[in-house]
Amino acid sequence: GDGGGAAGGGAAASSSAPYHRHVGVQLQHSLGQHLLKNPLVTAAMIEKASIKSTDVVLEIGPGTGNLTLKLLEAAKKVVAVEHDGRMVVELQKRLHGTAEGRRLQLIHADVMKVELPFFNLCVANIPYQISSPLVFKLLAHPQRFRCALLMVQREFAQRLCAKPGDELYCRLSVNTQLLAKVDHLMKVSKNSFRPPPKVDSSVVRIEPRNPPPPVDFVEWDGLVRLCFNRKNKTLGAVFRQKPLLQLLADNLKTHRALVGAMAGGMAGGGGEGSSGGDGGAAPMETGGGGGGGLPVDGEERFVAREEGASAEGEEHKVPAARPQQHLGAEGGGGDDQRLVGRGAAHPKGGADAAAAESAAEEARR
C-alpha cells in the first residue's frame, strides 16, 4: 500500500539499503517496491476514493502498511494481497493485537495467480511492471466493483486516459475505455517515494461499465491488435496487406467449420428427440382424417377439390384422384388401389367407378 509492495511476482533483487522506519529489510527493485512516504498523497487517495463504512476494500501490495492503516480507519474490512513474505511478517507485527488487525484479511500470494475475493473498491499503489495485466484482471472480475483507485506510472496513466487523435492513443486506451470509464485524478512526484523511482506517477480512477458491453473481448482485442499493429498506416492500408488478408480468410474458414459442426450436432440431437417418445412416430405432420403421412397442405388441396366437385355441373362430378398412400391408409384393399389411376373418388368397388366414367363421357358429348 505504501510501497507498490510485492503483489506481483519476479526474482528477488536487493536495493542498496533499507529505507523505511518500520522495516529492517532491503527493498526489492524487481518487485517494484517503492514505499509511499508522503502522507499528503495517502490522505488525498483516501479522500478521492469516497470509502463507505460498509465497504470491503482491496489493496494490492500493502508493503509496510501506511496506506493500509488509513483504509482500515474508513472501511469495514480490508483485503490485502502481498507477494513478499517479509512484508507480510512486518505488516502482521505492526497490526498485531490491534482492533484494526481483526478487520484485515492478509493474503500471501502473487496477485496475478490468485483468485480475488469479493470487494467493493480497490485502492492501491501497485507494482508498475504488472500495471496492464492487473487492470484487465480487475475489469474481468466476475463480481462488479464500484471503482479502482490506482497509483501507476505517469505515461501509463496518460495512455489509459488518451482520446482518439492523441499521440498516446493506443490499444490499451481502446480496450480499457471499452470496459470502463477512466479519469486522471492527480500527479505524484517521484520524490514522494522511498527509494524514488525513475519516473513520476499518477493516480487514476477506473469505473467498470455496468452492465459490461455485449462484446466478445477476445475477438475485439484481436481486431484492435491488427488495427494498431502498424500505427503509422491507415486502416485501409493495414487491411490490404496480403498476410493479413490470408489470416482473415483462414479464420473465416475455421469459423464456418465450427459453426457447421455445431449446427450438425444440434440437428442430430433434435432428430433423436423428435423420434423418441410415442414409439417412433414420424415427425411429418399429417391430415386429421386418416394417417398415412400425407403433409397437411396436400390434404387441404385434396379436400378442396373434392368439396367443389358438386357445385358446377355434371362435368365437375369426377373428383380428383387421391394419392395411393392416402387411399391405402383409409382402409381400401388391393383392387381399390388399382383404381386410383382411373380417377376413382372413393374405394367403393368397380361398379361405382364404371358409372362415374360413363356419366363423365356423356357430359363431354
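First, a term I'll need: contact means heavy atoms within 4.5 Å. Helices (H or I, at least four residues) and strands (E, at least two) are DSSP runs, numbered from the N terminus. Buried means under 20% relative accessible area, with exposed over 50% and partly exposed in between (1.4 Å probe, protein chains only).

A note on what I'm looking at: this is a predicted model, where local features need pLDDT of at least 70, side-chain atom pairs count only at pLDDT 80 or more, and totals for chains, interfaces and linings use all residues. Residues are numbered from 1 along each chain as its sequence is written, and side-chain values use heavy atoms, with hydrogens and water left out.

**Entry 1: helix α3**

I looked up which residues of α3 (residues 85-95) are buried, and found Met87, Val88, Glu90, Leu91 and Leu95. Down the axis of α3, these buried residues fall within an arc of 165 degrees, so they line one face of the helix. (The arc is that of the directions from the helix axis to the C-beta atoms.) Then I checked what covers them: the list includes α2 (66-74), β3 (77-82) and β4 (104-108).

**Entry 2**

What is the order of the strands in the open sheet? I traced 7 strands as β4-β3-β2-β5-β6-β9-β7, with mixed pairing. Two strands pair if DSSP finds at least two bridges between them. β4 and β7 (180-188) stand at the edges with a single partner strand each, so one side of each has no neighbour in the sheet. The twist averages 20 degrees from one strand to the next. Axes here are lines fitted to C-alpha atoms, for helices over the stretch in contact, and angles run from 0 to 180 degrees between N-to-C directions.

**Entry 3: around β6**

β6 (residues 147-153) is mostly covered, with 6 of its 7 residues buried. β5 (residues 121-125) runs parallel to β6, joined by 5 bridges; Leu121 has Cys147 as its bridge partner in β6. From β5 the chain goes through α4 (residues 131-139) to β6, a right-handed β-α-β crossover. Right-handed means that, with the strands pointing away from the viewer, the path from the first strand over the helix to the second runs clockwise.

I also found 6 bridges between β6 and the antiparallel β9 (residues 201-208). There, Leu150 has Val204 as its bridge partner.

**Entry 4: β7**

β7 and β9 run antiparallel, joined by 8 bridges. Met186 stands opposite Val203 in β9.
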